[in-house]
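Here is a short report on how parts of one chain fold together. Look over the sequence and the structure first.

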Amino acid sequence: MLTLKHRAAPQPNGRGGDSGSCSSRHRWLLPGELEGELMERTTSPTMLSETDITTPPLCDRLEKTAERGGEGELVWSGGYVTVTAENYSSQQAVRGQEGASTMKLYCLSGHPTLPCNVLKFKATTIMLDCGLDMTSALSFLPLPLVHSTRLSKMPGWVSKDGNAQLEKEVKECSGRVFVDSVPEFCLPETQLIDLSTVDVILISNYHCMMALPYITEHTGAFTGTVYATEPTVQIGRLLMEELVNFIERVPKAQSATMWKHKDHQRQLPAPLKDAVEVFTWRKCYTMQEVNAALSKIQLVGYSQKIELFGAVQVTPLSSGYALGSSNWIIQSHYEKVSYVSGSSLLTTHPQPMDQTSLKNSDVLILTGLTQIPTANPDGMVGEFCSNLAMTIRNGGNVLVPCYPSGVIYDLLECLYQYIDSAGLSSVPFYFISPVANSSLEFSQIFAEWLCHNKQTKVYLPEPPFPHAELIQTNKLKHYPSIHGDFSNDFKQPCVVFTGHPTLRFGDVVHFMELWGKSSLNTIIFTEPDFSYLDALAPYQPLAMKCVYCPIDTRLNFIQVSKLLKEVQPQHVVCPEQYTQPPVSQSHRSDLMIDCLPPPMSYRRAEVLTLPFRRRYEKIELMPEVRYEDRLEGLQVRLLGLMTCSSLVQLAEALVPTEIKPGVSLATVSAVLYTKDNKHVLQPPPKPAPPAQSNKKRKRATEESPETQLYKPLLSGSIPVEQFVQTLEKGGTSQISDLTVCTALCQITDLTCSAAGFTVPALSRLCEATSLPAGPGSAAILDPGLEGAGREIPHY
């Protein structure tokens, strides 16, 4: 809803008119920040001339608006013009401001399960997740904890024409090339939007916050607040700490940059040749930057409502994917946007997904679906256990590259139930990570974030996860690294859980070098984030067995279709990858999102205008009155003390009058105050008593704003018959500004001025009364003439 305030234009001598005063040409002021991006970060209202606002009679206006497919309304009220509209652009009131009420989505990441999007809506800029794409690390050589003769003697790459410029930077292994430098990561597209305009960042799970230090610290532009649940923050801290530790404990003497130049890169073999935006890749952040980024996070709980500048309200909901993982609801009084990222309907250790709160969304942004839609998580767990047991029975060792949190909890729980029946009770299990101890402890601490079955165990009391018993019986041992106590306790055959899943850094590199030459050993991939073939490429030729058992509990396309039918959003927005089948299975039309209307898709570095328009704004009349009056196209909430006579009068003034079936209108004289996207109507201030002074009283036109009365404008349609009779009594045969004002004052008991009439209004008066326009109305019909809009004496 647009509310335009009637105010006089500044005089040549610098004086401006007050609200409701009548002097010189009148213009219309748009209150700051009333229409979202239209007034975003502006300090002065936008001035609009009278010609920017069409003001034909009310019913005619309604009919014309209806013909255009909308339900727009124009209400003349005391001192104001109020335009309310549904499916009707504010361009009809403000020229050139078509995008004022639109919603835009900026896609900063091309990875659908590691999203980073920015939503602009209602003068707020909200970043949705900041995932870090680590697949770029697969283009680099591994960082061994212990010196590796094989890696150090790997030959340099020489082009087909004998060019050896990149020989020191690029190494070759079994037909693949790798950069011999510290691994770098592909950052979100930070150049697409000014990060200083981002108000808040909403984090959905700990995997989607790995780029946070790059956003908050490297750019130096972000000054907002980050919202996330406590488990998300704590486990996210562990993931970042592990990553920094893995990179920093194996320093590289050189930093390769020459290969990034286009002339050199295009000569390299694939996939390094096809790597995109390599100059935006960055080295890992430091722990100092991690701590600084995490200090900007404000903890929230499920279903907690957070107000953002009075414009929108955000609420986290359980997504069922991981400890503390969240979906987010972003809503105003009349609009609702749901952000669904990394959700699961399977019964695992987190709280189940909250689906009910997603219903009746205008827009549903969907991302973070399963990366292995054809793999059943339960079946993969079964294969994991059977392959592990087979390897141990044959005298081999099992290596499981994994993150320090998440799926590993479920794997340890399955092994706890499986090892006795499989005869593996004497086999040691090792969990090696700089944060192994903290991760296992956190899983037992966050009981309120677990599913109901695990919560009940806490009150028995029993540990919610069985790995606590494995640790007590020494079947599971955890170490910060392969050095120290681990080297003394190490026994084979065994099972080792360690990181990183890329096989490019961490303790896993040492075990690949140690066990890779024996066919008795097996490496089992359970994390779906990286291609296992690309991960193994720098270790070829490899003798150890490789088993791919990706376990991804996130929503698949069948579950998504069922979810969308239940929550029924008006529009669905998703990454481009979800709108078409995978390239390797192009015939599988069931491996894509299918809904009506078809989903809107986006890709990296793309700005999407969502099919969504704001329809209404909520206006309050004095905070603290318990009264609510809802009109068609206009909702006014009255708050305040009903004992205040001025407020009661203001509330009682809102008496709707039906002027058309289904359309009722009411007028009100009030002063609009806007602050923090809250719009409040207050009674016009009473004129201050004149000061006692011996000086000559000022002329009425020089009165201060505080002493001037708010003069109401005419409202509704003019009673033509009564109007003509009044003119005839005065012997009038022509319409002029003086006769019009005099007649209207007599039949309405209101004071008015010629400035309150526009060309369409007087033209229709002339047609209705069959009287010609006299010379006195020339100034009104042509505002450019001298004396136009002058104040008319009141009789």
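Which residue in E7 does Leu105 stand opposite? Leu105 stands opposite Leu119.

This is a predicted model, in which local features need pLDDT of at least 70, side-chain atom pairs count only at pLDDT 80 or more, and totals for chains, interfaces and linings use all residues. Residues are numbered from 1 along each chain as its sequence is written, and side-chain values use heavy atoms, with hydrogens and water left out.

**A strand pair**

Strand E6 spans residues 102-107. Helices (H or I, at least four residues) and strands (E, at least two) are DSSP runs, numbered from the N terminus. Five of the six residues of E6 are buried, so the rest of the structure largely encloses this strand. Buried means under 20% relative accessible area; exposed means over 50%, and partly exposed lies in between (1.4 Å probe, protein chains only). E6 and strand E7 (residues 117-121) run antiparallel, joined by four bridges. Two strands pair if DSSP finds at least two bridges between them.

| H9 (residues 436-445) | Ala436, Ser439, Leu440, Phe442, Ser443 | 160 degrees |

The arc is that of the directions from the helix axis to the C-beta atoms. An α-helix has 3.6 residues a turn, so residues three or four places apart point the same way.

The cover over the buried residues of H9 includes helix H4 (230-248), helix H8 (407-418) and strand E20 (429-432). Helix H11 (467-472) and strand E21 (476-479) also belong to that cover. Contact here means heavy atoms within 4.5 Å.

At the start of H15, a side-chain oxygen of Asn556 comes to within 3.2 Å of the backbone nitrogen of Ile558. Just after the helix, Gln568 takes a positive phi of about 50 degrees.

**Nonpolar cores**

A nonpolar core is a set of buried Ala, Val, Leu, Ile, Met, Phe, Trp, Tyr and Cys residues joined through side-chain atoms within 4.5 Å. The largest one has 112 residues, and Met127, Ile201 and Phe497 touch the most other members. H4 gives the most to this core: nine residues. A second, separate core has 27 residues, including Met103, Ile126, Ile306 and Val363.

Technical notes. A polar contact is a pair of N or O atoms within 3.5 Å; within protein, one must be able to donate a hydrogen and the other to accept it, and residues adjacent in sequence count only if both atoms are side-chain atoms.
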